[in-house]
Amino acid sequence: MNLLIISYHYIGDEHKGQRGIYPISQERFLRQIDAIAKNWKFVSEDDLILAISDKLVLPEKSCIITFDDALLSQYELAVPILEKRGIPAIFFVSTRHISEHKAYLVHKIHYLLHKVSIKELISEFEKSYQDVVNKPIDWSSMDSVRATNYYLYDDADTARLKFFINHIMSRKDITEEIVDALFIRYCSDEANFCKSLYMFEKEIRLLHEHDLFSIGIHTHTHSNVVKEKKDVFISEIVKNQNILSEQLGIQSQGIAYPFGAVTRELYEEKIEKGVESLGLTYGLTTEEKINKDFNNPFLLGRFNSEDITHGKKPEFSV
């Protein structure tokens, strides 16, 4: 078995996302799926679940298309292409924007990076950090090489700031307080920001009812399992599923872990109990690999769309 899983986020005009937001254009997306179709067979979530339970043998070279974060551009720009080609896909949805009309930390950071020069943003972030934490940022605590290797598409300063926020700062409440203060300064209407960026009940329900598409969970607040305590992360999974079930009638079968850096040890320590309690079937990481078996279906790897054929920095040829 060779199972290729690909993840997409923003779809749109690539010239409008020079920093912070890096969309894949419709044209690039179409080129990628047409290239994949030459050698791989697209399969659905239903196929994946049957294969995991040994009720179906997948084609030798199978591919699953996935989308994270419930971005409206996915529905408006990618779904029509998938429908025209008859290609299935899985959309992994967080739910805070639905229940609270609040944007996710990661998208606020993307917005700030897109709107504010990196030098100004770092300066403002340092001031806000000092105000909240009562001490200056210790940049020496961060491995700059690791940061630039992690954020391959960003310049060094942007990679450093993103890595510090997403992976070094341990207190989620402090991180959100600082980022929220900056976000409000440059975007005064968070509710309208959410309406313009995310899919809501109507679009998610239509995807769920479509023969080609499925809905998975992505935690309630786009939570990073590496930084969360076990009980907090489990509550994030449960709340995500409860909102989808109670408000939209969706019982999801799989999860894509936000940020995705999930090892076997981390899964066993923080995740296993939660996915078992919800009766989930699979989980997707960001480890870039071809999946050869289902020995642990909760640690399946995915390739970033940027890193495959026709991506901006292709490392894997389909």
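Buried here means under 20% relative accessible area, exposed means over 50%, and partly exposed lies in between, as computed with a 1.4 Å probe on protein chains only. The model is predicted, so local features need pLDDT of at least 70 and side-chain atom pairs count only at pLDDT 80 or more, while totals for chains, interfaces and linings use all residues. Residues are numbered from 1 along each chain as its sequence is written, and side-chain values use heavy atoms, with hydrogens and water left out.

Begin by selecting helix 5, residues 105-115; helices (H or I, at least four residues) and strands (E, at least two) are DSSP runs, numbered from the N terminus. Nine of the eleven residues of helix 5 are buried, namely Leu105, Val106, His107, Lys108, Ile109, His110, Tyr111, Leu112 and Leu113.

Next, show the side chains of Lys108 and Glu190, which form a salt bridge with the closest N and O atoms 3.1 Å apart; the term requires a side-chain nitrogen of Lys or Arg within 4 Å of a carboxyl oxygen of Asp or Glu. Because Lys108 lies in helix 5 and Glu190 in helix 10, the pair ties together parts that are 82 residues apart in sequence. Both Lys108 and Glu190 are buried.

Move on to Glu228 and Lys172, a salt bridge whose closest N and O atoms are 3.2 Å apart. Glu228 lies in the loop between strand 5 (213-217) and helix 12 (230-248), and Lys172 in helix 9, so this pair links parts 56 residues apart in sequence. Glu228 is buried, at 11% relative accessible area, whereas Lys172, at 28%, is partly exposed.

A further stop is the salt bridge between Lys312 and Glu306, with the closest N and O atoms 3.6 Å apart. Lys312 is partly exposed at 32% relative accessibility, and Glu306 is buried at 5%. Then select Arg96, Glu100 and Glu176, which salt bridges with shared partners join into one network. The whole structure holds 17 salt bridges.

Finish with the nonpolar cores, each a set of buried Ala, Val, Leu, Ile, Met, Phe, Trp, Tyr and Cys residues joined through side-chain atoms within 4.5 Å. In the largest, of 68 residues, Tyr8, Phe29, Ile36, Ile65, Phe67 and Phe91 touch the most other members. Centre on Phe29: leaving aside neighbours within four places in sequence, Phe29 is in contact (heavy atoms within 4.5 Å) with Tyr8, Ile24, Phe67, Ala78, Ile81 and Leu82. Another core, of 25 residues, lies apart from the largest one and includes Ile109, Leu113, Met142 and Met169.
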